[in-house]
Amino acid sequence: MSAPVLPDLAGHFGRFGGRFVPEALIAALDELDAAYRSAKTDPEFQAEFGGLLRDYAGTPSLLYSARRLSERLGARILLKREDLNHTGAHKVRNVLGQALLAKRMGKQRVIAETGAGQHGVASATAAALLDLECVVYMGEVDTERQALNVARMRMLGATVVPVTNGSRTLKDALNEALRDWVASVQTTHYLLGTAAGPAPFPEIVRDFVGGIGTEARAQCLELTGALPDAVTACVGGGSNAIGIFHAFVPDEGVRLYGFEAGGDGMETGRHAASITGGSTGVLHGARTYILQDEDGQTVESHSISAGLDYPGVGPEHSWLHDTGRASYTPVTDREAMDAFQLLCRTEGIIPAIESAHALAGAAKIIPALREELGREPVVLVNLSGRGDKDVHTAGAYFGILDQNETIVPEENL
Amino acid sequence: MSLSGAFDKARAEGRPLIVGCMPAGFPTVDESVASMVAMVESGIDVIEVELPYSDPVMDGPVIQKASDIALANGVRTKDTFKIIEAVARTGATVVLMTYWNPVERYGVDAFARDLSAAGATGMITPDLIPDEADEWLAASDAYRLDRTFLVSPSSTDARIAMTLKACRGWVYATALMGVTGARDVVSSEASDLVRRIRAIDAEIPVGVGLGVRDGKQAAEVGAYADAVIVGSALIRRVLEAPDRAAGLTALRELGADLATGARSVTR
């Protein structure tokens with residue numbers, strides 16, 4: 001496949017991407033773009049970034065051949081263990097890169113938005129490490145369901161601002177961070193948490209998390225002697241998915257599957273599947289697939305996973321969808337939680353609920369893949385994060401914890 | 001009245017235009033029309049109707065709250081056209097301010113057609129820069145609508161020049177780095193920005209917005225700008241009023257204060 005180099009100079013992935021932001025931010029986006037171009041080819045920057053990834057974040061993350069899970073699913077399952085990174089998710093790669101960029105631009109303050117809190121914790125971590133002031137915007141609803149991560153951010157020295165506008169979730173936290181940035185752009189870098197937003201963010205985030213795919217590709221070749229048949233990842237904004245997909249895009253024989261949050265089921269309308277259940281529009285600075293009503297008003301998303309609960313998706317995923325290079329399908333809350341439990345019980349790994357979507361999706365595609373290939377397929381699953389932050393949600397879902405986080409007696413289960 | 005006619009008239013009187021912003025359908029369709037008509041009657045020259053949007057990143061809390069109320073009360077894009085039509089019918093000059101997604105969703109050409117048919121003179125697009133505006137440039141040409149892009153204190157001279165070239169009718173200069181909302185002091189960045197604009201294009205009328213809350217500030221800004229844009233301060237009067245009648249009275253008071261301020265300008 002002779003794929004074009006994307007994005008183009010104006011930050012477009014085909015008809016997606018671009019910059020749909022107030023003019024006040026253009027100078028900052030241009031400055032960021034210039035800083036990134038120079039950092040990309042600066043051996044010193046790359047050495048510093050690589051050193052932090054290796055010595056601080058703990059990458060390359062392991063590629064683990066999950067034997068018991070493989071037996072259960074009838075495929076060879078390889079788990080890319082991003083959950084073992086420092087702070088427990090792929091997010092640390094992006095924040096270290098962007099925090100270094102902020103320093104390079106001479107900015108002493110970073111702001112971030114967070115849904116599940118993973119990106120907020122990662123941002124607070126990078127800010128502490130690199131001595132930057134950090135303010136994290138978080139929807140009020142999310143501060144309640146992710147109280148532990150709010151505590152972590154505060155321990156790390158960050159200020160957490162609960163956002164009380166709109167649906168009080170991730171999309172509103174993003175709006176609030178953009179507003180802060182409009183007013184503080186001279187001193188502040190907006191440490192955007194996913195491969196979405198105005199150009200050049202989708203490209204920068206993709207490149208910073210792209211090590212996931214580069215590492216996994218080499219590890220897979222070394223472990224199995226071949227590339228995987230399929231790569232699966234969960235897609236909210238889509239940073240972990242683009243991180244693992246990107247290195248495989250030129251490999252025509254490798255199928256790429258993104259799994260969106262199907263929530264209560266597509267038919268209920270309560271979901272966060274922007275590609276499957278959305279349409280083209282402009283949100284948070286880019287043209288992409290979004291959940292919207294007939295008038296172009298954003299529709300509230302729903303997912304059991306706060307990290308996937310976002311009504312848009314990164315523009316590169318929209319492009320991969322339109323070109324057919326990657327497939328995007330929804331996974332319901334229930335399917336994800338079944339997969340969550342399966343991984344706990346077969347491999348002793350508690351995944352983030354986000355990552356459980358990737359696992360549930362893998363389980364769904366395996367039968368058809370096996371039939372098509374006429375053999376047991378090799379499926380690479382991006383285990384993008386660990387489930388510590390989701391223990392409360394999962395505990396309530398499985399009836400292990402009640403609403404007050406009190407343990408339910410075994411005999412009542 | 002056309003916008004250029006309004007600018008000509010104000011220039012002949014040696015004063016700036018006062019532009020007053022109100023979200024369409026806030027708190028209801030009928031009440032928003034009444035508010036806008038009251039604003040015109042009190043001496044505000046141009047009504048900037050804002051199309052309520054779920055994710056208004058350029059707006060501060062006051063405008064967002066008003067937009068949320070309008071949306072919660074079920075206002076639709078089609079209602080916005082009806083409101084524009086009702087206000088324009090009184091002889092007022094009406095422009096629309098809208099984020100881009102509702103336009104794209106409606107269909108850019110169809111939106112321009114219906115906006116023009118409703119009697120608006122043009123459109124202000126806070127999150128659409130000329131770099132991404134090909135469709136809008138074509139549609140606004142086809143329906144002879146003014147197109148107003150924003151320039152900011154952080155804009156380079158090259159970007160200001162490019163933006164002015166894309167604008168028609170007037171340009172919107174954001175007075176400070178920040179979102180909408182009345183402030184105690186209007187930033188000095190605004191006059192610098194207007195100077196930079198004039199150095200590039202001495203002809204295009206310049207509207208300055210963000211932060212003006214009373215007649216005194218309107219006079220300050222009006223000393224160097226062709227139009228003074230007031231939003232949050234007006235909307236707050238309606239939000240904080242105990243009832244509809246009190247809201248209209250408060251709007252008229254502020255409208256008159258702003259108009260007096262504009263007329264006191266000496267330059």
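Predicted model: local features only at pLDDT ≥ 70, side-chain atom pairs only at ≥ 80, totals over all residues.
Residues are numbered from 1 along each chain as its sequence is written, chains are lettered from A and ligands numbered from 1 in the order in which they are written, and side-chain values use heavy atoms, with hydrogens and water left out.

I begin with the sheet of chain B. It is an open sheet of 9 strands with parallel pairing, in the order β5-β4-β3-β2-β1-β9-β8-β7-β6. Helices (H or I, at least four residues) and strands (E, at least two) are DSSP runs, numbered from the N terminus; two strands pair if DSSP finds at least two bridges between them. The edges are held by β5 (146-148) and β6 (150-151) of chain B, each with a single partner strand, so one side of each has no neighbour in the sheet.

Helix α4 (residues 77-89) of chain B lies across β2 (46-50) and β3 (93-97) of chain B, and runs at about 160 degrees to β3(B). For such angles, axes are lines fitted to C-alpha atoms, for helices over the stretch in contact, and values run from 0 to 180 degrees between N-to-C directions.

Chain A also has an open sheet, of 4 strands, with parallel pairing and the order β7-β6-β5-β8. Here β7 (159-163) and β8 (188-190) of chain A are the edge strands; each has a single partner, so one side of each is left without a neighbour in the sheet. The twist averages 25 degrees from one strand to the next. Within this sheet, β5 (residues 109-114) and β6 (residues 133-139) of chain A pair in the parallel sense over 6 bridges, with Val110(A) opposite Cys134(A) in β6(A).

I turn now to the interface. In contact terms (heavy atoms within 4.5 Å), 33 residues of chain B meet 34 residues of chain A. The two chains bury about 2,900 Å² between them, 45% of it on carbon and sulfur atoms. Val57(B), Arg105(B) and Glu132(B) supply 22% of the area that chain B buries against chain A, more than any other three residues. Buried area is the accessible area (1.4 Å probe) that two parts lose on being put together, summed over both.

How many salt bridges are there between chain B and chain A? The count is 5, a salt bridge being a side-chain nitrogen of Lys or Arg within 4 Å of a carboxyl oxygen of Asp or Glu. Lys171(A) and Asp55(B) form a salt bridge, their closest N and O atoms being 2.9 Å apart. On the side of chain B that touches chain A, α3 (61-72), α5 (100-106) and β6 of chain B each supply at least two residues. The most comes from α5(B), with 5 residues.

Over all chains, the whole structure has 50 salt bridges. Arg37(A) forms a salt bridge with Glu203(A), with the closest N and O atoms 2.7 Å apart. This pair links distant parts of the chain, helix α1 (residues 26-40) and helix α9 (residues 201-209) of chain A, the two residues being 166 residues apart.

Finally, the backbone. Most residues other than glycine have a negative phi, and most peptide bonds are trans. The bond from Phe26(B) to Pro27(B) is cis, with omega near -5 degrees. The peptide bond from Thr59(A) to Pro60(A) is cis, with omega near 0 degrees, and Pro60(A) sits in the loop between α2 (43-57) and β3 (63-65) of chain A. Thr87(A), a residue other than glycine, has a positive phi near 75 degrees.
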